Amino acid sequence: MDVRIENLTKTFVGKKGVETTAVNKMSFKIPDGKLVGLLGPSGCGKSTTLYMIAGLHKPTDGHIWFGDEDVTNVPPENRGIGLVFQNYALYPHLSVRQNIEFPLDNVRFTGRCGEEKNRLIDARADVKTSEKELAKATRDLAKAEKEIVSFEAKLEKAKENNDQKAIEVVEEKLNSAKTRKKISEERIPSLQEHIEYAKKEVEKAEVALEKKLEEYNKKVESLNEEKTKLGEMLKAGKDEKEVAKQRELVAKKQTEIENINRIKLSKADKDAIALEMAKVVDIDQFLDRKPKELSGGQQQRVAIARALAKRPRVLLLDEPLSNLDARLRLQTREEIKRIQRETGITTVFVTHDQEEAMSISDFIVVMKLGVIQQIDEPQKVYEEPANLFVAKFLGSPAINVFDGELKGGKLLLNGEEIDKDSAYKGEDRPVKIAVRPESFVFAAKGGNIPVTVTTVEQIGRDITVNGYVKGQDNHIKAIIPSELRNGILGKAEVSFTAKRLYVFEETGERIK
Amino acid sequence: MVATENSIQGTETVFDPMKAKLISKRRRVSLPQWAVAWLVLIPALIFISMFMLYPIINTFLYAFIQNFKYEKGAGSFALGQFFTGISRGKVFTFGLSNFKLALSNETFIYSIGNTAILVIVEVPLTITVSLLIATFLNNIKVLKGFYQTIFFLPYVTNTIALGLIFNLAFSYSPGGFINVFLNKVFGVKDPINWLQSDAYKPGMMVSTKFTQGVVIVLYSLWNGIAFKILVFMSGLATIDSQYYNAAKIDGASNFTIWRRITLPLLSPQILYITITSFIGAFKMYTGVMAVYQGAESNQSYYFGSIPELPADRDGEAWIPIVGWIYRELEHNYDAPGIASAASLILLAIIMVITAAQFAVSKKRVHY
């Protein structure tokens, strides 16, 4: 099941009408069966995005599709997702087995044509909610326009009276009203479009329901035919083998219809599924314990089993490793990757730990303040960062950033040209040069980045040289293979060249 | 600095490591820790022994001494009576005769029946209603403070005053607004006689034990829900809202969430309220008496009258156990034995019920 997000926006309105945009027009697509990490610092909107995919937060704008079904207005219990909370949220009064079976208790098989019926109900509800939202947006627009008029009048008055404080206050209110008007104006046409689309969906759903009902009735008819045939065969005293075959056929059709009509799982079924899930996460010997009798890692595996029990279309994990100690983190990382590969469920997880994201994801979505910075495979995000933020966020120790300049097509650091191989276009301007610690090459002579050494750390396989480059504010870290230690130890000044460097504008975009 | 043993008026023998010698401050009386503890506890202990321990010992003694009558001039302290009596040549025997007398008293058995009916009807009803109201209060966002105030008002009202209000509300005379309410809203034609015993008008419904019981139960309900709602609301507040989110994702409807998540996680509070409510309900007295106050009788403890009771037991329609004990003490003011035995029987009943509740709770209460 692939997940597609389009223009997703979430704005929280605080107490005094202060608006915070947590997620700002995000769009991306997650292919089926992949493990995707939402990575970013605190407050970048990754948990909010996850909760919107789950359905616990309602998006201010935008759409979410699971496959070809628009689930934006579908409540969380009907979306078919599994969510693992950061603190696991295992029901403390139920045993592990009962915890895993809890979603199964609520599973209602759809029964005859149930899926189509539900789809029709959802489509109709979608139309209704969208119409309500359109009405609300229209009202908001009218209200905002009224406010703009009144605030402009007040502003005129304040300017006449030359009341500086009042001018500021009214200007602020005016700007906020103008933003609200803009938001409503943008929403209305998109809502109208959506209503058209939703109405078409309702028609489609009605047609599908009729078709399904016809199919079911045909099946029942054929069952009845076979039953009468069996009756006649018995009356006519036909051959044993044929009668047996006919009985089998009738039984098969009967079970088929019973399965279509089935509403609930039996206890034996539930226990079997719980055992299977417990085996997948390797927790099957603890099935009768209560959550408080388990360690953190075990509790988390129970939470994952519970999320997987109802075979969700999408599995969501909210900071799955942040509550675990360091040793357990590494172990559980591998577990998550293994489970995802075994079950093949599309998985999205949220983290602020770039190492974790890089080690297990198929794709990383780097976010900052509600905006996507880059979506790519982990190694590409590391090696080809789209901007300075991504470059700084990934990699440990962090990338070293210098102030340099472009002059006449040449890249200069402290006046010296440091990248003779590439040609840089564009006008002369100051730029940021970034070099990863492992990209420094120790040059006994002829290196063009002179570094004044402060400390040298030897950690077995590498040497970390801490120092600073003259004329730059930042301290730098360089990681050199320890075979070269003789040239470095004891020296106050060493010089490096950069094997690979990145150049960014002052605003952060990458210059290729 | 190293602190020495507890002292009340403070001696501190201070050891200053920087100067490495003992600097002694003012020397005052220093008491050991156990003495301090006793000193602090004694006021409370005196209070408890006077008002709880002494009556309990008294009751036990009076209950087990057969044919006991108060001696003049020996005070009310049972041991005092005991020894004075012996010194005056009385012989005391210990036995169970008081218990036998109590249990063979028809009115006492009748009062046990009354109390049992009231408890069985009132306690589950009050707990259920408080649970529902607490859930409702927990879920509403608008006007929450307003509703909370309304539902907590009964707690701050005086029991007897409340009984007076109920008496007036359920009154048969044309002002009684319950009857007015039934008439206007539900179209009940004849006013119901809830509490009054005499028939003033021919053809009028006489108040029956049932109608009187309804008023008593409603009164106890009104009186009891406030505290229970408070306890349940505090319990609901401790339930992490993540459980509700998780249950939603697991596909549970609101009712399923309430039944399988909220109630089990609320079970410690429910157990506490159930046990204390049963205990309190068995001791019900002011509740019953307050409802009947101002009714037409000169008897001091009037518990309603119904035609089925014999004339000499008029005023005992809904007499509870504690009411019977007080009435017994009133009639036999110098022979407290039977009343004491009755209170011990009440104690035994309550203990059995409470033990049964604890036994059931082991499986159903989740901490």
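A residue counts as buried here if 20 or more other C-beta atoms lie within 10 Å of its own. Keep that in mind for the views below, which come from a predicted model.

**View 1. Chain A as a whole.** By that count, 32% of the 512 residues of chain A are buried. The chain is built from twelve helices and 21 strands. Its radius of gyration is 31 Å, whereas a compact globule of 512 residues would have one near 24 Å. What share of the contacts between residues at least 6 apart in sequence joins residues at least 24 apart? In chain A, that share is 68%.

**View 2. Zooming in on V71(A).** Find V71(A) in the loop between β5 (69-70) and β6 (81-84) of chain A. Is V71(A) buried or exposed? It has 23 other C-beta atoms within 10 Å, so V71(A) is buried. Leaving out residues up to four places away in sequence, V71(A) touches I64(A), W65(A), F66(A) and R79(A). Also look for A123(A), which sits 52 residues from V71(A) along the chain. The C-alpha atoms of V71(A) and A123(A) are separated by 9.9 Å.

**View 3. Where chain A meets chain B.** Chain A brings 16 residues to this contact and chain B brings 14. On the chain A side, the elements that give two or more residues are β6 and α2 (96-105). Sorted by class, the side of chain A that touches chain B has twelve nonpolar residues, three polar ones and one charged one.

**View 4. A pair of helices in chain B.** This close-up shows helix α11 (residues 267-282) and helix α14 (residues 337-364) of chain B, whose axes come within 10 Å. Two packed helices are described by the angle between their axes and the distance between the axes. For α11(B) and α14(B), the axes cross at roughly 165°. The two helices are therefore roughly antiparallel to each other, as angles over 145 degrees count that way. The crossing of α11(B) and α14(B) is right-handed.

**View 5. The residues between α11(B) and α14(B).** Which residues of α11(B) meet α14(B)? They are S267(B), L271(B), T274(B), I275(B), F278(B), I279(B) and F282(B). From α14(B), the partners are L346(B), I349(B), I350(B), I353(B), T354(B), Q357(B), S361(B) and R364(B). The residues of this contact split into nine nonpolar, five polar and one charged.

Conventions:
Residues are numbered from 1 along each chain as its sequence is written. Chains are lettered from A and ligands numbered from 1 in the order in which they are written. This is a predicted model: local features need pLDDT of at least 70, side-chain atom pairs count only at pLDDT 80 or more; totals for chains, interfaces and linings use all residues. Helices (H or I, at least four residues) and strands (E, at least two) are DSSP runs, numbered from the N terminus. The radius of gyration is taken over C-alpha atoms; the globule rule is 2.2 Å times the number of residues to the power 0.38. A residue is buried if 20 or more other C-beta atoms lie within 10 Å of its own, exposed if 12 or fewer, and partly exposed in between; C-beta atoms are placed from the backbone. Two residues are in contact if their C-beta atoms, placed from the backbone, lie within 7 Å. Ala, Val, Leu, Ile, Met, Phe, Trp, Tyr, Cys and Pro count as nonpolar, Asp, Glu, Lys and Arg as charged, and the others, Gly among them, as polar. Axes are lines fitted to C-alpha atoms, for helices over the stretch in contact, and angles run from 0 to 180 degrees between N-to-C directions. Angles under 35 degrees count as roughly parallel, over 145 as roughly antiparallel, 65 to 115 as roughly perpendicular and the rest as oblique. A crossing is left-handed if the near helix is turned anticlockwise from the far one by less than a right angle, and right-handed if clockwise.
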